[in-house]
Amino acid sequence: MVSLITEGVKISVESIYQPEYSNPEKEHFMFAYRISIENVGDYTVQLLRRHWQIFDAIGEHREVEGDGVVGEQPVIQPGESHQYVSGCNLKSEMGYMEGTYQMSRQLDGEIFYVEIPRFNLIANHRLN
């Protein structure tokens, strides 16, 4: 698991290879990732948007952005957290993701960005 704190928001990420949803013969490797967004600051915040950079070991790069995460724009009070699980497919056994969340501080509406730490996507059989 990797973690990073930006502007009083701690992001922790764990990735899991999904062999049951993968098809290596067709260059389809599926990964799930679990994200915990913890408000370690003093102000209530809301997650507005996400922006992902996805890198595949074969040299492909793509970007994904949009409103919220898995259909939600969670409001997170100080000392509370929000968790969700999502997924990503690659054309190779290895890659990584990183990105940012656009957040709003509820007190004054200030917009700020929280870094999502780089995390690896590696098929289990590549670790041996």
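**Strand pairing and side-chain contacts in the predicted model**

At 53% relative accessibility, Glu65 counts as exposed (buried means under 20% relative accessible area, exposed over 50%, and partly exposed in between, with a 1.4 Å probe and protein chains only). The structure is a predicted model, in which local features need pLDDT of at least 70 and side-chain atom pairs count only at pLDDT 80 or more, while totals for chains, interfaces and linings use all residues. Residues are numbered from 1 along each chain as its sequence is written, and side-chain values use heavy atoms, with hydrogens and water left out.

Glu65 and Arg49 meet through their side chains in a salt bridge of 3.7 Å, N to O (a side-chain nitrogen of Lys or Arg within 4 Å of a carboxyl oxygen of Asp or Glu). Because Glu65 lies in strand 5 (residues 61-67) and Arg49 in strand 4, this pair ties together parts that are 16 residues apart in sequence (helices, H or I with at least four residues, and strands, E with at least two, are DSSP runs numbered from the N terminus). Arg49 is partly exposed, with a relative accessible area of 29%. In the whole structure, seven salt bridges are found. Another of them joins Lys91 to Glu60, with the closest N and O atoms 3.4 Å apart. Lys91 lies in the loop between strand 7 and strand 8 (94-105) and Glu60 in the loop between strand 4 and strand 5, so that this pair links distant parts of the chain, 31 residues apart.

Arg118, in strand 9 (residues 111-122), forms a salt bridge with Glu98, the closest N and O atoms being 3.1 Å apart. Since Glu98 belongs to strand 8, the pair ties together parts that are 20 residues apart in sequence. Arg118 is partly exposed at 45% relative accessibility, as is Glu98 at 24%. The side chain of Arg118 also makes a polar contact of 3.5 Å with that of Tyr96 (a pair of N or O atoms within 3.5 Å; within protein, one must be able to donate a hydrogen and the other to accept it, and residues adjacent in sequence count only if both atoms are side-chain atoms). The C-alpha atoms of Arg118 and Tyr96 are separated by 6.7 Å, although the residues are 22 positions apart along the chain. In strand 4 (residues 45-56), Gln53 makes a polar contact of 2.5 Å with His61 through the side chains.

An open sheet of four strands has the order 1-2-3-7 with antiparallel pairing (two strands pair if DSSP finds at least two bridges between them). Strand 1 and strand 7 (81-90) stand at the edges with a single partner strand each, so one side of each is left without a neighbour in the sheet. Strand 1 (residues 2-6) is joined to strand 2 (residues 9-17) by five bridges, and Thr6 stands opposite Val9. Two residues separate these strands in their hairpin, where Glu7 takes a positive phi near 55°. Ten bridges pair strand 3 (residues 29-39) with strand 7, and Ile37 stands opposite His82.

Ser22, in the loop between strand 2 and strand 3, is buried, with a relative accessible area of 14%. Its side chain makes a polar contact with that of Tyr17 at 3.5 Å and reaches the backbone oxygen of Gln18 at 2.8 Å.
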